[in-house]
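Welcome! Let's take a friendly walk through a protein model and see what ties its parts together.

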Amino acid sequence: MKIHILDKTKKKKIIEKVSYLGIQKIPYMLIQTGVEKFRIFSGNFSNPEIMKVYYSLPIEGVGLYFGKAAGEDIRLSVDALHILKNQINKNIMEVNNKQEEEWFLGRDIELTDEQMNLKLRGFVAVKSGEDFIGTGKIHGDGKIISNFLPKERRKH
Amino acid sequence: MMKYKDKIKYKPKPEFIERIEKLIGQEAEKFFEISYTETPDSIRCNTLKISPEELKMRLEDYGWKIKQPFSEYPEAMIIESRLSPGELGKTKEHLLGYYYVQEISSMLPILALKPRPDDLFLDLCASPGSKTTQAAAMMNNFGLIIANDTDLGRIAILNSNLEKCGVMNTIVTRKDGIRLCETLLKKTNMKFDKIIVDAPCSGEGTLRKSPKTFLMWNINFIKKLSRIQKKLASSALELLKTGGEMIYSTCTLSPEEDEEVVDYLVRNFNIEIEEIKLPLKLRCGVCEWGGQEYSPEVRKAVRLYPHDNNTDGFFLAKIRKLGEK
């Protein structure tokens, strides 16, 4: 795994890309892995210490998968939503029990009239009761949320 | 005495029966009887995501009867209701990582080690991640964990479980455990406050979920494993800070893989074995086996037999490093 620890300037740009959810700070080290993917790391280890381990050992993972760049935004992972849930106050789509069932089966969700009236577009944090259950995307016609829940987090 | 032999598809080999009888005498009957039953469903609440109180309430809403066997560790929960196959892994709470399906005995090494938020922690044989995720929760995602395993497939499972549990303080490495220790020592000079070596073993303690172990059981394999375990544990001890603590554990009951390894460490390193207090019926380590007498220190290690607490079988020793060799 190639890793690149982001400096303050780059981190600021990433925060802008998740501001659509109301997130204003990421109090962890941000690490880029590959072109589009980002991870957050809370360990008590400085940049040089991490790089020392990185150059000495085959690293297969560091911290938590945060999200993937998608156009102007970053699509947050379900676990990153959980970590930053106290900051998320925008673009939240609350779903009902039936929609939650569909979501965990990996299916796209058809929105109700009431949900469509919210006129949300683009990436949204999908919430069921108290739980954030993943990031979805509402396309142009505003009728459906596309489901990005990874396979291993679905009911089979 | 041999009636359990005819009960099931996988029968214990005579030499295995003989060894268990030598270890626990007439209780061997109970040992083999329970080996053909399933362990109770048990889970560990992931406090990085939810409190035990809230999780318990949610699970009780499914109609599940939950028992918390340890008052000082409410995270451990036994599901006393009879669940349908796969039900435990299909709840929203499981998919979101609010709990980890984990056998009670497997929680004990981390309970004995008590990692703290400022610790530098090494999990040398980490996959599938039950102990790494438990340690991360006790460390509240602070400090640093290096979680290592050798095989890419096992690393994928480890990474998946770390993600699901919301673990952020971990670096995952893929290397043979002995080589990893050598490399860390040579190239980084890192020393750890706490280390867990949950060593690959013959799995005699896991017969309840893997009855095929009866078929695969082989004394030569045990002897080979014992040599590997000594090397692994010795390499790990080199990385432990003076005053630091290490757990050596296995899910097997063969003394060659358990007390013999600890005895080897006692004789070759400046260490002491610490007493382990856990709220379960524990038995002390054996001090003599196969004509060999082990150091009296080895008695402080603990054994769990499946019929004592209705768990899997397990062995653990808590080691404190007193200084360099």
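A salt bridge is a side-chain nitrogen of Lys or Arg within 4 Å of a carboxyl oxygen of Asp or Glu. In this predicted model, there are 35 salt bridges over all chains.

**Salt bridges within a chain**

- In chain A, A:Glu101 pairs with A:Lys155, with 3.0 Å between the closest N and O atoms. This pair links distant parts of the chain, 54 residues apart: A:Glu101 sits in helix H4, while A:Lys155 is in the segment after strand S11. A:Glu101 is partly exposed, at 36% relative accessibility.
- In chain B, the side chains of B:Lys281 and B:Asp308 meet at 3.5 Å, N to O. B:Lys281 belongs to the loop between strands S10 and S11 of chain B, and B:Asp308 to helix H12, 27 residues apart. B:Lys281 is partly exposed at 43%, whereas B:Asp308 is buried at 16%.
- B:Arg58 and B:Glu93 also form a salt bridge, at 3.1 Å from N to O. B:Arg58 lies in helix H3 of chain B and B:Glu93 in helix H4, so the pair ties together parts that are 35 residues apart in sequence. Both B:Arg58 and B:Glu93 are buried.

**Where the two chains meet**

- The contact takes 37 residues from chain B and 38 residues from chain A.
- Together the chains bury about 3,000 Å², 59% of it on carbon and sulfur atoms. On the chain B side, B:Leu95, B:Glu163 and B:Met168 lose the most area to chain A, together 24% of what that side buries.
- Across this interface there are 6 salt bridges. One of them joins A:Asp131 to B:Arg58, with the closest N and O atoms 2.8 Å apart.
- There are also 18 residue pairs in polar contact between the chains. Several elements of chain B give two or more residues to its side, including helix H4 and strand S6. Helix H7 of chain B gives the most, with 7 residues.
- By class, the chain B side has 17 nonpolar, 11 polar and 9 charged residues.

- Salt bridges that share partners join A:Glu100, A:Asp131, B:Glu54, B:Arg58, B:Lys92 and B:Glu93 into one network.

- How many disulfides does the structure hold over all chains? It holds 0.
- The sulfur atoms of B:Cys201 and B:Cys251 are 3.4 Å apart, too far for a bond, because a disulfide needs the sulfurs within 2.5 Å.
- B:Cys201 is buried at 18% relative accessibility, and B:Cys251 is partly exposed at 23%.

Conventions
Residues numbered from 1 in each chain as written. Chains lettered and ligands numbered in written order. Predicted model: local features only at pLDDT ≥ 70, side-chain atom pairs only at ≥ 80, totals over all residues. Heavy atoms only, no water. Buried < 20%, exposed > 50% of the residue type's maximum accessible area, 1.4 Å probe, protein only. Contact = heavy atoms within 4.5 Å. Buried area = accessible area lost by both parts, 1.4 Å probe. Polar contact = N/O pair within 3.5 Å; in protein donor to acceptor, adjacent residues only side chain to side chain. Helix = DSSP H or I, 4+ residues; strand = E, 2+ residues; numbered from the N terminus. Nonpolar A, V, L, I, M, F, W, Y, C, P; charged D, E, K, R; others polar.
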